[in-house]
Amino acid sequence: MNVPGSLTAQLYLLAYDPRKERVVTNYRFPYLLRAAALTDLLLMGRIADDDGKVRVVSEDRLGDPVLDDLLRQLAETGPRPWRHWIGKDGRATVRAVRDELEAGRWVRVELRQPFLIFNRSAVRVRDTRVVKRLAARFADAITGPASRVGDREAALVGLAAAAELGTVLPRAKRRAHKQRIDQLAERGGPAAAALHKVIQQARGASSG
């Protein structure tokens, strides 16, 4: 059984809540997917960290609309801090990832209350076995031998922890495995730490 290759797509699917039978998002989710897209580009060698700023290394396209669009933005704008890019255009990234997954028939988008002017949509996973497989890999990265955890899995855990993605990392689990999670987050690149700061700032602004 195949699973999507990008971190953005994987994290989107990992936000699926089997009890509610839909993908559950919150204010942190757009930041999470932006950080995931940056990490995808980092791991693919298209960008690098330059003293806390994102620097484009190669503008070669990847054939992924979400990543290619972000790479174009990075190249046109020049070096900016990681937090700048994580906080920018998050909602558009969520829609783009959803549309990409829908086109690939990973998910289906259902309108709820379709006769209302301001309708809402529910995103449902077509084959929940894909989510279970991703969740099993995720769990192995936290509890299995650290030597067997690849950089992509390390980044996946670090990003999910920074965004407090409760479907795979509820609070109790984050506390129980804090040391391993911190180690994996460090391996996954600078986006996880930047994501944590962006979310803290957003939370502070909301509470203030």
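A polar contact is a pair of N or O atoms within 3.5 Å. The exercises below concern a predicted model.

**Exercise 1.** Determine which backbone oxygen the side chain of Arg-174 reaches, and whether Arg-174 is buried or exposed.

*Solution.*
1. Arg-174 lies in helix α8, which covers residues 171–176.
2. Its side chain comes to 2.8 Å from the backbone oxygen of Leu-169.
3. Arg-174 is buried, yet it has no salt bridge. The nearest side chain of opposite charge belongs to Glu-164, 4.3 Å away, whereas a salt bridge requires a distance within 4 Å.
4. Apart from neighbours within four places in sequence, Arg-174 contacts Ala-161, Glu-164, Leu-169 and Ile-181.

**Exercise 2.** Describe how the buried residues of α5 are arranged about its axis.

*Solution.*
1. Helix α5 comprises 14 residues, 90–103. From first to last C-alpha it reaches 20 Å, close to the expected 20 Å.
2. The buried residues in α5 are Gly-90, Thr-93, Val-94, Val-97 and Leu-101.
3. Viewed down the axis of α5, these buried residues fall within an arc of 105°, so they line one face of the helix.
4. Exposed Arg-91 and Ala-103 are carried on the face turned away from the buried side of α5.

**Exercise 3.** Characterise the positive phi values of Arg-105 and Glu-21.

*Solution.*
1. Arg-105 follows α5 and sits in the loop between α5 and β6 (107–112). Its phi is about 65°, although it is not a glycine.
2. With a relative accessible area of 55%, Arg-105 is exposed.
3. Glu-21, also not a glycine, has a phi near 60° and is located in the loop between β1 (16–17) and β2 (22–23).
4. Glu-21 counts as partly exposed, at 49% relative accessibility.

Note on methods
Residues are numbered from 1 along each chain as its sequence is written. This is a predicted model: local features need pLDDT of at least 70, side-chain atom pairs count only at pLDDT 80 or more; totals for chains, interfaces and linings use all residues. Side-chain values use heavy atoms; hydrogens and water are left out. Helices (H or I, at least four residues) and strands (E, at least two) are DSSP runs, numbered from the N terminus. Buried means under 20% relative accessible area, exposed over 50%, partly exposed in between (1.4 Å probe, protein chains only). Lys and Arg count as positive and Asp and Glu as negative; His and the chain ends are not counted. A polar contact is a pair of N or O atoms within 3.5 Å; within protein, one must be able to donate a hydrogen and the other to accept it, and residues adjacent in sequence count only if both atoms are side-chain atoms. Contact means heavy atoms within 4.5 Å. The expected span of a helix is 1.5 Å times one less than its number of residues. The arc is that of the directions from the helix axis to the C-beta atoms.
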